[in-house]
Amino acid sequence: MSYVDEVYQMVVEKNPAQPEFHQAVKEVLESLRVVIEANEEAYKKDALLERLVTPERQLLFRVPWVDDKGQVQVNNAFRVQFNSAIGPYKGGLRLHPSVNLGIIKFLGFEQIFKNSLTGLPIGGGKGGSDFDPKGKSDREVMAFCQSFMTELNKYIGADTDVPAGDIGTGAREIGYMYGQYKRIRGVYEGVLTGKGLSYGGSLARTEATGYGLLYLTAEMLKCNGHDLSGKTVVISGSGNVAIYAAQKAQQLGAKVVTVSDSTGWVYDPEGIDVALLKEVKEVKRARLTEYAAARKSAQYHEGRGVWSVKCDVALPCATQNELLIDDAKALVANGCIAVAEGANMPTTIEATEYLQANGVLFAPGKAANAGGVATSALEMSQNSERLSWTFEEVDSKLKNIMVNIFHNLDDAAKKYGMEGNYVAGANIAGFLKVADAMTAQGIV
């Protein structure tokens with residue numbers, strides 16, 4: 001049995017009932033096989049892969065809080081500090097009922113390579129809780145966030161672990177968490193990113209993941225003889241990433257015709273009205289039925305269906321494993337030329353392989369959605385220097401980072417004889433930097 005297969009088998013045996021983590025490890029190790037086999041003896045002697053797939057630290061704790069009726073509630077919370085070889089742990093805090101240790105580990109493992117690809121000095125981590133902020137009052141959200149940070153603050157810091165937002169964790173939640181951290185620790189430092197502009201946040205952070213996704217997609221298309229302008233784009237999701245991906249796509253001359261949420265999706269052949277979408281989702285926090293009710297050209301459909309719409313470019317921006325093999329077949333049949341992941345691992349392995357086998361340009365999430373964490377690292381830099389850069393300065397740096405990420409993964413794929421395989425290219429480029437740092441720092 002090869003070293004890669006041994007390590008994957010170990011992961012499955014030691015981490016039972018964590019299918020998302022198994023999937024993430026398998027996808028990465030398979031695409032690294034050519035690199036690992038070329039260095040197998042040295043990597044095996046140092047147990048480099050075993051150390052890579054085992055978090056440096058896993059924190060599990062309870063979060064008790066009191067709801068508006070005076071009832072005490074208890075949630076489970078997690079922080080997985082996966083790898084600090086190239087910098088302090090960096091990764092979001094997800095607040096959603098689906099959160100469990102396996103999902104946090106999958107996200108933290110992916111974050112190692114994503115953060116490495118940015119070229120910035122940040123390691124990989126992730127955290128969150130099965131708390132659901134939907135339907136909760138501001139006071140209840142504050143009660144949860146303060147209790148959550150009362151425990152988490154012991155393990156984080158500006159030079160140790162810098163969490164950020166994620167699904168369910170927006171400006172409101174980050175604000176409550178930051179206030180509690182400052183209250184307990186008595187220091188004003190850049191320990192969280194995604195902060196409000198009045199207390200150390202960065203301009204362009206809100207837009208960063210969606211904008212970055214389009215900067216990389218446009219570069220991928222350009223390097224393969226296509227132009228994003230004039231293309232029809234389908235997007236899943238209607239959260240932060242989807243909204244700003246739609247905005248930037250339309251600024252670059254494309255037409256976005258779909259968005260979705262957990263109950264259904266909208267098809268708008270005249271192009272998504274981003275201002276209306278923001279009103280519905282960011283202000284009213286309502287369902288897409290309200291978007292369709294307010295716009296004559298929009299058609300609302302229950303359930304899934306975004307990937308059945310004819311398009312040139314598909315951008316999954318909702319959640320993991322949302323684009324399945326049948327969806328991939330529908331995209332290919334409809335002439336889709338490119339898929340770029342705005343979410344973390346939204347495409348199943350089978351769907352990814354089908355898209356690649358049928359000549360669809362495919363940019364994996366660890367590269368395509370790295371704009372958010374890249375701008376978080378830029379926020380850390382501004383906090384360290386006690387400076388605030390303009391929107392244009394941050395946006396320009398973000399665009400350069402995303403263009404460089406594409407060329408780094410393109411070059412890595414070509415170097416190892418897998419030209420056009422951007423999944424392998426992203427994993428290889430991210431891995432080599434981390435592996436070099438781990439080797440240089442000894443057995444730790």
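## The five-stranded sheet

In this predicted model, five strands form an open sheet in the order E1-E2-E4-E3-E5. Pairing within the sheet is mixed. Strands of a sheet pair through backbone hydrogen bonds, in either the parallel or the antiparallel sense. The edge positions belong to E1 (57–66) and E5 (161–164). Each has a single partner strand, so one side of each lacks a neighbour in the sheet. From one strand to the next, the twist averages 20 degrees.

Helix H6 (residues 138–152) packs on this sheet. The helix touches E1, E2 (72–83), E3, E4 (123–129) and E5. Its direction makes about 145 degrees with that of E1.

E5 runs parallel to E3 (residues 89–95), and 4 bridges join the two. Gly-92 has Ala-164 of E5 as its bridge partner. Lys-90 stands opposite Val-162 in E5.

In a regular strand, side chains alternate between the two faces of the sheet. Asp-161 and Pro-163 point one way from E5. Val-162 and Ala-164 point the other way. All four names carry one label: Asp-161, Val-162, Pro-163 and Ala-164 are all buried.

Ser-376 lies in helix H15 (residues 371–385). Its relative accessibility is 1%, so Ser-376 counts as buried. Leaving out residues up to four places away in sequence, Ser-376 touches Lys-90, Ala-164, Thr-193 and Arg-205.

Lys-90 is the residue opposite Val-162. Ala-164 is the bridge partner of Gly-92.

## The seven-stranded sheet

A further open sheet has 7 strands, in the order E9-E8-E7-E6-E10-E11-E12. Its pairing is mixed. E9 (299–302) and E12 (361–363) stand at the edges. Each pairs with a single strand, so one side of each is left without a neighbour in the sheet. The twist from one strand to the next averages 15 degrees.

E6 (residues 232–236) and E7 (residues 255–260) pair in the parallel sense, over 3 bridges. Here Val-234 stands opposite Thr-258 in E7. E7 and E8 (residues 264–267) run antiparallel and are joined by 3 bridges. A hairpin of 3 residues connects E7 to E8. Across this pair, Ser-260 stands opposite Trp-265 in E8. E8 and E9 also run antiparallel, with 4 bridges between them. Val-266 stands opposite Tyr-300 in E9.

Asn-334 lies in the loop between helix H12 (325–333) and strand E11 (338–340). Its relative accessibility is 22%, so Asn-334 counts as partly exposed. The cut-off for buried is under 20%.

Asn-334 and Lys-310 are 24 residues apart in sequence. Their C-alpha atoms are 5.2 Å apart in space. Setting aside neighbours within four places in sequence, Asn-334 is in contact with Ser-308, Val-309, Lys-310 and Cys-311.

## The second largest pocket

The second largest pocket has a volume of about 350 Å³. Its lining holds 24 residues. Glu-27, Ile-349, Thr-352, Gln-356 and Val-423 lie nearest the centre. The lining divides into 7 nonpolar, 9 polar and 8 charged residues.

Which elements give two or more residues to this lining? They are helices H2 (19–38), H5 (101–117), H13 (349–357), H14 (365–368) and H17 (422–440). H2 gives the most, with 5 residues.

## Thr-352 in the pocket lining

Thr-352 is among the residues nearest the pocket centre. This residue lies in helix H13. Is Thr-352 buried or exposed? Its relative accessible area is 11%, so Thr-352 is buried.

Not counting residues up to four places away in sequence, Thr-352 touches Thr-347, Phe-362 and Val-423. Val-423 is also among the residues nearest the pocket centre. The range of edge strand E12, 361–363, takes in the position of Phe-362.

How values were computed
Residues are numbered from 1 along each chain as its sequence is written. This is a predicted model: local features need pLDDT of at least 70, side-chain atom pairs count only at pLDDT 80 or more; totals for chains, interfaces and linings use all residues. Side-chain values use heavy atoms; hydrogens and water are left out. Two strands pair if DSSP finds at least two bridges between them. Axes are lines fitted to C-alpha atoms, for helices over the stretch in contact, and angles run from 0 to 180 degrees between N-to-C directions. Contact means heavy atoms within 4.5 Å. Buried means under 20% relative accessible area, exposed over 50%, partly exposed in between (1.4 Å probe, protein chains only). On a 1 Å grid over the protein atoms alone, a cavity is a set of points where a 1.4 Å probe fits but cannot get out, and a pocket is an open set with protein on both sides within 12 Å along at least five of seven lines; lining residues have an atom within 4 Å of a point. Grid points are joined across faces, edges and corners, and a volume is the space filled by probe spheres set on the points. Ala, Val, Leu, Ile, Met, Phe, Trp, Tyr, Cys and Pro count as nonpolar, Asp, Glu, Lys and Arg as charged, and the others, Gly among them, as polar.
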